[in-house]
Amino acid sequence: MDGTNGKKILVIEDEKPMLDAISDTLKQNQFSVLTADNGKDGFDLALKEHPDLLLLDIFMPKMDGLTMLETLRSDSWGNGVPVIILTNLNPDADQTIKSILEHKPAFYLIKSNVTLEAIVSKIKEVLNM
Amino acid sequence: MPDLNDNIALLDNSKRVILFPEAILIVDPFGNVINVDQQALKMFGGLTEQEIVGKSFFDLIVEQDKLYVEQTFQKILVEGHISDLQCNATKKDGTYLRASLSGTLFIDKLGTSKEITVVVHDITPHLSELEQVKETQRQLAEAQQIARFGSWEWDIITNKFHWTDEMYKLFSLEPQKILVDNDTLIEKAQTEDKEKIKEFIATSLGDGSGILDFRIVNPESKATQWLHVTSKTFYDAAHKPLRMVGTVHDVTHEKEIDEVKTQFLSLASHQMRGPLTTINWNAEMLLQQQVEGLSESQKKYIQELYNASKRIVLLTNDLLTVSELELGRMPFKPEKLSLSKIAKRVLEDYERTIAEKKINFKETYAEQLPEIETDLFLLKTIFHELIANAVNYTPPEGTIAMNISIDPKRANTFLIAISDSGYGIPQADQEKVFSKMFRATNAKTKVMGGTGLGLYIVKLILKVNGGEIWFSSEENKGSTFYVAIPFVPKNMDSAIKLK
């Protein structure tokens, strides 16, 4: 393996500073990182590359995160892949997200409340690393 | 008949105690004035004795009343007395005075000489007082109409109600056309608010005052109107309620503004989270990684920026919680939880600060506590706010004790008590502790970054879930906060709509 831990993470996030911070941190933690800045491209990339885990933003152009997740869950591979929703929407205050979270392996983190370190820990926990 | 000698004594001004402003005149049976007192001279506009003594008393009376007064006076000679003969009299300057006359006949011992003592009571001011009252009432009615403000009174003893015209109008009723009572209020209120009115009346009777916002539906426009009602109760010496008065005010517009304001706050807080995330993550990367060329003091500056940014995140989170609770949009999903487990989980977030400040934190949990049924996020928030307050407002090396038990006074209720040896709350600030954005005067100088929202949030949550919060505190000694929270949430239906 080319200096990575063998796990491939797809980060779908439209805000460049956040996307950069996450992908840099993941790379430093030996993950392979794929990125997309909208839900549509993220979905295509996911089906093509079959990453081990998706980090998914909600508010994005072209296709928002929730629509993308629903589309993903209808795919035979996409049905089982773990997804961590990274958003600044308070999921406790949003019934839509709450109902999505009841689907398959999906977790949520509120961006402003978590450190990059905590995101990495969560990924490792979900992937049993 | 009284003796004439008595009559002379009456006129002796030096002996007369003027408690009341009546004037006294002594007239002969034909009405000619024999003598007057000082008060009479004054009452008729500053007459001199020469101007009245020897003249006819009836000349003081206006033409229209003269004949009637003269005839009535004749009665005195027969019956010995008349009282409250009302007429208009003329003053020296030509203005009128409304007079109430009483007359008593005095006869000397031989029965030959007769005199009549006339007592004149100036009732002009009474009339104008009445008119003043009428004028004040008119002004009040106008003001109430402009302000959409009604007032009401309840005579509890007779169970009689008085509503001002504007009160009737607020409820879309024709003023003073129907009899009203407390049931009228209940009947007009929106179904969900009927119980609240009953509670309001009970509270007003018991506590001496009450405040309530409730909704009615306008029968014509079908629009919901918000009314704000206040009350004050008056009691007798035995604390039996006698009378209740109050106001009703249309606050629909204020409620609308309030809602828009809260929505704005919610939106703004969400929007702030994005840039804050970027600041935090970049600061974290700078601090955690070996960035080349970063000196120790530069790292310290970045740490300060990071700390400040994290404080804004906390404030933003509190503001969001408040706005969701106030807008009634906070989801409430009760589940069975272990109080002690949740408390411990929340406590983990504060372990570092507790260790850094060398605080002695004691936890005690009563044995075999049943599970609580409530919303996880809201329960965690209660613990967060209470523990954060205790930790933040206790100086280094202080003590904090958290005790979770069954409330000995309330049925099926837990009692959470958190006491600290902290700064305490000054007596003068204590009643405002649960108000929004309130921070105690001593807290502001000692701890940076408090939002003044924590206890307000706990209060709002307990309003949704059912439960109470109270405290005891002494400045520089510490505070104990108590939360009584039921095993199962009360008013399940009100969880969605807080307002």
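Here is a quick briefing on two chains and the place where they touch. The model is predicted: local features need pLDDT of at least 70, side-chain atom pairs count only at pLDDT 80 or more, and totals for chains, interfaces and linings use all residues. Residues are numbered from 1 along each chain as its sequence is written, while chains are lettered from A and ligands numbered from 1 in the order in which they are written.

**Chain B overall**
- Chain B has 15 helices and 17 strands (DSSP runs: H or I of at least four residues for helices, E of at least two for strands, numbered from the N terminus).
- Of its 499 residues, 28% are buried, meaning that 20 or more other C-beta atoms, placed from the backbone, lie within 10 Å of the residue's own.

**Where the chains meet**
- Chain B puts 19 residues into the contact and chain A puts in 18 (two residues are in contact if their C-beta atoms, placed from the backbone, lie within 7 Å).
- On the chain B side, the elements giving two or more residues are α9 (252-288) and α10 (296-326).
- The top giver on that side is α9(B), with 11 residues.

**Strand β1 of chain A**
- β1(A) runs parallel to β2(A), residues 32-36, with 5 bridges (strands pair if DSSP finds at least two bridges between them).
- One bridge there links A:Ile9 with A:Val33.
- β1(A) is also parallel to β3(A), residues 53-56, through 4 bridges, and A:Ile12 has A:Leu56 as its bridge partner in β3(A).

Conventions:
A residue is buried if 20 or more other C-beta atoms lie within 10 Å of its own, exposed if 12 or fewer, and partly exposed in between; C-beta atoms are placed from the backbone.
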